[in-house]
Amino acid sequence: MKNLFLKSPTGGIFIALVLVCLLFGSLTSRFFTPMNMSVILNQVSVNAILAFGVTFVIIAGGIDLSLGSLLAVSGVIVALLSQEGSYALWIGLLLTLLAGMAMGAFNGALVVLTKVPPFIVTLGTMTIGRGVALLLSKGRPISDLNESLNFLGSGDMMGLPVPIIFLIISFVFCQLLLTKTVFGRYVKAIGGNEMAAFVAGVRVNRIKLWVYVISGLFAALAGILLTARINTGQPNAGLGFELDAIAAVIIGGTSTRGGKGTITGTLLGVLFIGVINNGLDLINVSAYWQQVIMGGIIILAVVLDGLYQKMKK
Amino acid sequence: MVLSDCLLDIKGLSFSYSGSSILRSVNLRVEKAEIHALVGENGAGKSSLFKSIMGIISPSDGEIIFFDQGIRGLSVREILGKGISMIHQELMLIPELSVAENIYLGRENSAGGHMSLAAIQRSVQALFDRFGLDIPVDVKVKELSIARQQIVEIMRSVSQEAKLILMDEPTSSLTDGEIQFFTRLIRNLKEAGVGILFTSHKMEEIFEFADVVSVLRDGEMIGTYRTNEIDAHVLVEKMVGRELKDFYPKSDVEVGEPILDVENLGLAGVFQGINFQVRAGEVLGLAGLVGAGRTDIGQSIFGIRPYTSGEIRYLGKRFEAKHPSEALEAGMAYLGEDRKELGIIPEMNIRENMTLGLLRMFQKMQAILFQAEKKATEDNSDALRIRMSHAGQKIQELSGGNQQKVLFGRMLLNMPNLLILDEPTRGIDVVSKFDIYSLILELKKAGKGILLISSDMTELLEMSDRVVVISKGSQRGELNKQEASPARVLQLALHA
Amino acid sequence: MKIRVLILFVACLVGSACSEKKKDHLVIGVSMLSMQNEFIQQVADALEKSAKTANVELIVVDAERSSLKQVEQVESFISQQVDAIILNPCEFEASSPAVEKAQKAGIPIVNVNSSTKSKPDAFVGSDDAESANMAMELIAKHLNGKGNVLMIQGYMGQAAQLDRERGAKAVFAKYPGLKLLASQTGEWDRAKSMSLMENWIQSFGDQIQAVFAQNDEMGLGALQALMDAKKDAQVYVVSVDGIQDARKSVEQGNLDATLIQNAEKQGSESLRMAVELAQKKKIKESNILIPFEIFQKK
């Protein structure tokens with residue numbers, strides 16, 4: 001068991017996470033309470049779901065910068081469809097998820113058909129998406145939402161807050177998809193060596209399209225969750241979220257060059273950032289210092305992970 | 001104490017790692033002024049032997065005696081100090097420093113205080129003159145060719161008064177012209193009394209300048225032979241441990257119906273008017289100069305680069321693959337000419353690489369059937385004698401030959417009817433080459449058809465039943481076994 | 001030949017001069033801080049409405065929170081020779097060049113809602129310090145001068161944040177029994193403030209008695225966190241701006257109070273000023289402060 005842990009690619013970030021938890025635990029007694037743990041998981045749920053989805057894209061060798069905008073559009077759509085007294089909740093949820101997949105498919109189609117680098121394509125759809133969110137919402141936040149939508153954001157189910165349940169389900173789904181299915185294997189192959197995968201018979205374009213659809217799907221789910229949490233459909237939501245999500249994925253050990261990565265690593269990366277955010281607030285560090293410290297710790301984590309990988313060899 | 005001519009005497013050396021024995025009671029002697037080659041397939045234990053001598057790893061048993069002194073257990077520094085040094089495949093020079101500075105790197109403060117740049121240069125120049133080298137001592141190393149850089153690295157050892165120099169595949173990065181340069185230096189070193197122990201896969205150079213050759217196989221020392229008393233054929237037999245009737249195995253195989261029938265095939269701007277057949281049980285070779293379009297023909301048939309004119313009939317029926325997966329499903333297999341680019345997925349392990357294109361064989365709905373996959377790949381690996389620590393090993397850790405075997409394993413998973421092989425033995429060790437030739441023969445006997453593309457003229461002519469010559473995208477002729485000679489092939493290939 | 005060219009040239013000059021005078025309505029350029037902010041949108045809407053009644057052509061552009069962009073937009077207005085400019089500044093210092101350039105070009109410029117270091121020809125807005133003052137007074141009254149308060153700030157360094165902080169600090173000085181437990185930025189954002197509040201609830205728990213949020217979005221975010229933790233009944237929450245969502249929340253009995261910044265009045269008054277200045281009329285009062293109104297549940 002010990003061997004398995006030490007050899008795993010996520011050993012380094014796991015150690016970093018534990019260290020950071022111990023640090024904050026020692027600085028304030030409020031850190032290690034069950035309530036606070038629940039708060040942390042709640043807070044990272046949106047980012048985590050976003051990050052799980054984009055992990056596939058990054059492993060396949062691409063990138064998706066439009067996450068924040070897709071999140072906002074989805075949040076607006078679900079808000080519009082969940083107005084008090086209009087459609088049933090599940091209709092709103094279903095249509096929003098489908099919309100997310102459609103937007104992801106748009107990204108994927110552009111990447112596959114135009115050969116323009118994904119960075120540029122999703123930079124463009126990021127802007128388009130933001131505009132669509134503003135158009136649909138006429139620039140103002142949408143309130144008067146269905147009670148049941150709010151339940152998704154603040155309610156409890158089986159003793160756990162609903163967002164955490166979403167988090168767990170998303171984690172399990174993505175983990176299984178990446179490690180146990182043919183699709184997951186193909187994603188890793190394409191990221192590892194696209195040409196070789198093609199020659200070996202993998203339908204590269206098809207798989208590439210699908211990873212962007214997955215990214216869009218999870219961005220929509222994250223959008224639904226955020227809207228449920230703050231009880232408003234906000235066109236400005238999610239600004240910069242793609243950077244947080246991608247940072248979590250990279251910290252978690254997925255390589256930007258593709259071919260390598262785990263969902264577990266992404267989860268650890270998300271938790272790492274979430275713990276730091278929560279801890280710094282708990283000990284009341286000023287906002288400016290928070291930025292500096294966050295950046296510093298992230299660099300430290302990546303460097304330590306690099307050393308750890310080297311030591312393993 | 002008897003003053004022997006023996007430089008290095010290794011007795012009963014053993015070494016294990018993670019439970020497997022890498023070296024088993026190895027005996028080896030290197031004499032003064034001897035050029036000693038060490039051969040063996042990858043994984044035979046050559047690098048472990050070198051590392052033991054250099055003190056990098058500690059053997060579990062045995063003696064290493066250098067100039068009548070036991071050196072086993074000494075640190076690397078001490079061993080370097082005794083006069084043994086090692087040249088690695090990757091050169092360890094500082095590109096921005098001059099030749100002279102590199103040679104004296106770390107030793108600027110020798111007996112007598114700090115040496116000035118001028119003094120260092122003078123010293124190095126004298127050394128170079130002694131060995132008849134015309135490399136300027138004051139230029140930056142990065143401005144030298146690879147061959148000359150290698151010489152500089154060797155001279156570094158010489159200037160440190162090395163008596164024994166270990167070299168790991170010293171000519172692997174050198175061109176034919178540069179190898180001559182190297183050979184001259186080696187001979188000069190020999191004359192100066194230096195002993196050289198080097199590993200190589202190239203038969204020609206072993207017999208060119210080595211005095212003796214030792215064969216290591218599966219961690220055991222099989223024997224040491226004088227190069228003028230043995231020939232390549234026997235040497236390879238000793239390396240492989242089996243009798244080779246022929247390095248290129250042949251046997252009479254009955255040829256059957258055409259599996260592939262290519263008619264007037266063309267790809268705009270690349271090749272046109274290609275006509276040939278590949279029948280069951282035969283190998284059709286495509287000969288030609290580099291860039292003639294042979295790779296493109298192979299890729300067109302397989303669906304990597306769809307053709308624009310002509311027709312392909314496969315198993316009697318019209319066939320066109322628009323995507324490699326279609327060709328795969330029909331029962332074709334393809335091996336690309338550069339396994340790094342077109343073959344392996346570096347981060348994935350052996351098993352994953354082997355099953356990549358045919359995962360559908362181990363798939364139930366979307367899920368992967370891991371047990372079935374494991375069994376199939378294990379059987380395959382055993383059959384192909386792939387040397388690995390375990391199937392979960394990353395493929396990039398394997399030697400070139402073993403990587404190629406994994407790719408062969410991939411092709412054979414569903415027993416294709418037609419195999420398109422593009423440079424199948426490029427960059428692999430001689431024993432693995434033989435394994436692949438044997439495999440091709442087995443496939444012929446099983447009634448498969450093989451399209452062979454190779455720049456190795458001997459290999460192509462020996463392995464093919466018929467040869468089609470391509471020049472600048474056009475077909476220049478078809479030759480049967482008797483007609484196909486290097487001269488005739490070249491004549492057609494050079495046709496303007 | 002030369003005479004003909006000269007006549008043609010003069011004719012063009014006269015013609016262009018005439019065509020200028022042909023314009024029968026005023027053109028006013030408007031640069032807004034950010035059209036993604038609901039309050040600013042309301043101001044812009046009010047401007048449009050007033051402009052229509054006054055038969056004024058309005059060119060409205062969004063500076064997207066960038067002072068640099070704003071300066072460029074004003075430069076563009078200047079070259080278009082607008083009759084007046086209404087500026088909703090992004091930043092106190094960095095948007096000042098826009099004011100200076102307009103004045104240098106002789107085009108009257110009116111600041112609305114926020115101020116700049118360089119003084120414009122007129123200013124219409126509300127005193128941000130006043131709003132914070134009023135909000136904190138409400139809190140002080142509710143707590144009888146003694147209690148624990150949390151403050152959620154806007155983007156640090158922005159004029160509104162600085163002024164509102166100033167106004168709040170004055171009240172803290174006035175009532176020594178009021179204790180500021182903590183003060184952090186919520187970046188004017190609802191989700192951020194919600195996370196912040198969640199973390200504060202972990203830190204301070206039942207010690208929290210009141211929250212002052214410098215704008216409604218942040219107040220509503222904090223409120224949501226309190227509601228999730230079932231602590232909203234025991235905590236008095238006040239925020240500033242008076243956006244629709246906030247007013248609704250007050251009516252539903254959740255948010256305790258909001259200070260309405262009269263966007264309607266800010267818009268209509270600044271347009272009126274701009275028109276008067278463009279018509280070269282003499283104006284009585286160049287600094288118009290529109291008072292905040294407390295909005296509470298009756």
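**Figure 1. Burial in chain B of the predicted model.** Buried residues make up 45% of the 496 residues in chain B. A residue is buried if 20 or more other C-beta atoms, placed from the backbone, lie within 10 Å of its own; exposed means 12 or fewer, and partly exposed lies in between. This is a predicted model, in which local features need pLDDT of at least 70 and side-chain atom pairs count only at pLDDT 80 or more, while totals for chains, interfaces and linings use all residues. Residues are numbered from 1 along each chain as its sequence is written, and chains are lettered from A and ligands numbered from 1 in the order in which they are written. The C-alpha atoms of chain B fill a box of roughly 85 × 55 × 45 Å along the principal axes. Chain B has 17 helices and 24 strands. These are DSSP runs numbered from the N terminus: helices are H or I with at least four residues, strands are E with at least two. Of the contacts in chain B with a separation of 6 or more, 67% join residues 24 or more positions apart. Two residues are in contact if their C-beta atoms, placed from the backbone, lie within 7 Å.

**Figure 2. The surroundings of Phe434(B).** Phe434(B) sits in helix H15 (residues 430–445) of chain B. Phe434(B) counts as buried because it has 23 C-beta neighbours inside 10 Å. Tyr248(B) is 186 residues away along the chain, yet the two C-alpha atoms are separated by 7.2 Å.

**Figure 3. An open sheet of 6 strands in chain B**. The strand order is S18-S21-S22-S15-S23-S24, with mixed pairing. Two strands pair if DSSP finds at least two bridges between them. Strand S18 (332–335) and strand S24 (474–480) form the edges, and each pairs on one side only. Neighbouring strands are turned by 15 degrees against each other on average, direction ignored. S18(B) and strand S21 (residues 418–422) of chain B run parallel, joined by 4 bridges. Met332(B) stands opposite Leu418(B) in S21(B). Helix H9 (residues 294–302) of chain B packs on the sheet; its direction makes about 150 degrees with that of S21(B). Helix H17 (residues 486–493) of chain B also packs on the sheet, touching S15, S23 and S24, at about 30 degrees to S23(B). Axes are lines fitted to C-alpha atoms, for helices over the stretch in contact, and angles run from 0 to 180 degrees between N-to-C directions.

**Figure 4. Where chain B meets chain A.** Of the 2 pairs of chains in contact, chains A and B share the most contacts. The contact takes 24 residues from chain B and 20 residues from chain A. On the side of chain B, helix H10 (324–330), helix H11 (339–343) and strand S20 (367–368) each give two or more residues. No contact joins chain B and chain C, and their closest C-alpha atoms lie 38 Å apart. For the complex, the predictor gives an ipTM of 0.84 and a pTM of 0.75.

**Figure 5. Two domains of chain C.** Domain 1 covers 25–125 + 264–290 and domain 2 covers 128–260. These bounds come from an automatic or database domain assignment. The C-alpha centres of the two domains lie 30 Å apart. In chain C, 6 residues of domain 1 are in contact with 5 residues of domain 2.

**Figure 6. Confidence along chain C.** The mean pLDDT of chain C is 88, and 94% of its residues reach 70 or more. pLDDT is the predictor's confidence in each residue, from 0 to 100. Over residues 18–22 of chain C, pLDDT stays under 50.
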